[in-house]
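Work through the exercises below with the model open. Try each task before reading its solution.

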Amino acid sequence: MATTTTKSAGSRARSGRKRRTGRRDPLAITLLKKDHREVEGWFDEFEQLEDDSEKLALFNQIATALKVHTQIEEEILYPEERGDVEEDMLDEAYVEHDGAKKLIAEIEGMKPGEEYYDAKVKVLGAYIKHHVKEEEQPGGIFAQAKKGDEDLDAMGERMKARKDELMGQMGGKRAN
Ligand SMILES: [Fe+2]
Ligand SMILES: [Fe+2]
């Protein structure tokens, strides 16, 4: 998957502001970052597994978490941040989500032990880590959202409710 992203160079290098370290993140950002750390940990865990049924169980957990997370960003964060966050950056994020979803669907159509199964999970993990970095890096989507006008604490409350709802829907049956 060789997607090249165009970066607007320069804008990131100088930030006229003092660094605000130790500042609490608003709820929406806190929740999304928590999801990121959780799923990154699961990808690392996956690499240690040898048992196929354990691999399948953990991958299903990863897939559900990623589907819920991307849906929440696509339903709430990304559209509501249009205007506060650079258009190009949001467009690229949607495209990266689509790439991840295709790979997830491919893996779901396979069984652990099949040729390329582990490789595909590993590539998905690398792909997600790249995407997450772009969201969290200085000047990235989260940073721009934090400087914008939206109430990210209130948005976080809505995200939480939506996440519960989606987890409930996806928990029982295989989501597709
Ligand atoms: Fe995302
Ligand atoms: Fe994210």
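**Exercise 1. Is the crossing of helix 2 and helix 3 left-handed or right-handed?**

Solution. The crossing of helix 2 and helix 3 is left-handed. A crossing is left-handed if the near helix is turned anticlockwise from the far one by less than a right angle, and right-handed if clockwise. Helices (H or I, at least four residues) and strands (E, at least two) are DSSP runs, numbered from the N terminus.

This is a predicted model: local features need pLDDT of at least 70, side-chain atom pairs count only at pLDDT 80 or more, and totals for chains, interfaces and linings use all residues. Residues are numbered from 1 along each chain as its sequence is written, while chains are lettered from A and ligands numbered from 1 in the order in which they are written.

**Exercise 2. Describe how helix 2 packs on helix 3.**

Solution. Begin with the geometry. Helix 2 spans residues 52-81 and helix 3 spans residues 87-108; their axes come within 11 Å and cross at roughly 160°. Axes are lines fitted to C-alpha atoms, for helices over the stretch in contact, and angles run from 0 to 180 degrees between N-to-C directions. Helix 2 is therefore roughly antiparallel to helix 3. The cut-offs are under 35 degrees for roughly parallel, over 145 for roughly antiparallel, 65 to 115 for roughly perpendicular, and oblique for the rest.

Next, list the contact residues. Helix 2 contributes F59, A63, L66, T70, E74, Y78 and E81. Helix 3 contributes L90, A93, Y94, H97, A100, I104, I107 and E108. Two residues are in contact if their C-beta atoms, placed from the backbone, lie within 7 Å.

Finally, sort them by class. The contact of helix 2 with helix 3 has 10 nonpolar, two polar and three charged residues. Here Ala, Val, Leu, Ile, Met, Phe, Trp, Tyr, Cys and Pro count as nonpolar, Asp, Glu, Lys and Arg as charged, and the others, Gly among them, as polar.

**Exercise 3. Is H69 buried or exposed?**

Solution. Locate H69 in helix 2. H69 is buried, because 23 other C-beta atoms lie within 10 Å. A residue is buried with 20 or more other C-beta atoms within 10 Å of its own, exposed with 12 or fewer, and partly exposed in between. The C-alpha atoms of H69 and D35 are separated by 7.3 Å, although the two are 34 residues apart along the chain.

**Exercise 4. Which residues touch the most other members of the largest nonpolar core?**

Solution. They are A28, I29, L90, I141, A145, L152 and M159, in a core of 17 residues. A nonpolar core is a set of buried Ala, Val, Leu, Ile, Met, Phe, Trp, Tyr and Cys residues joined through C-beta atoms within 7 Å. A second, separate core of 13 residues includes F46, A63, I104 and V121.

**Exercise 5. Where is Y116, and what is its phi?**

Solution. Y116 sits in the loop between helix 3 and helix 4 (117-136). Its phi is near 80°, a positive value in a residue other than glycine. Y116 is exposed, with 11 other C-beta atoms within 10 Å.
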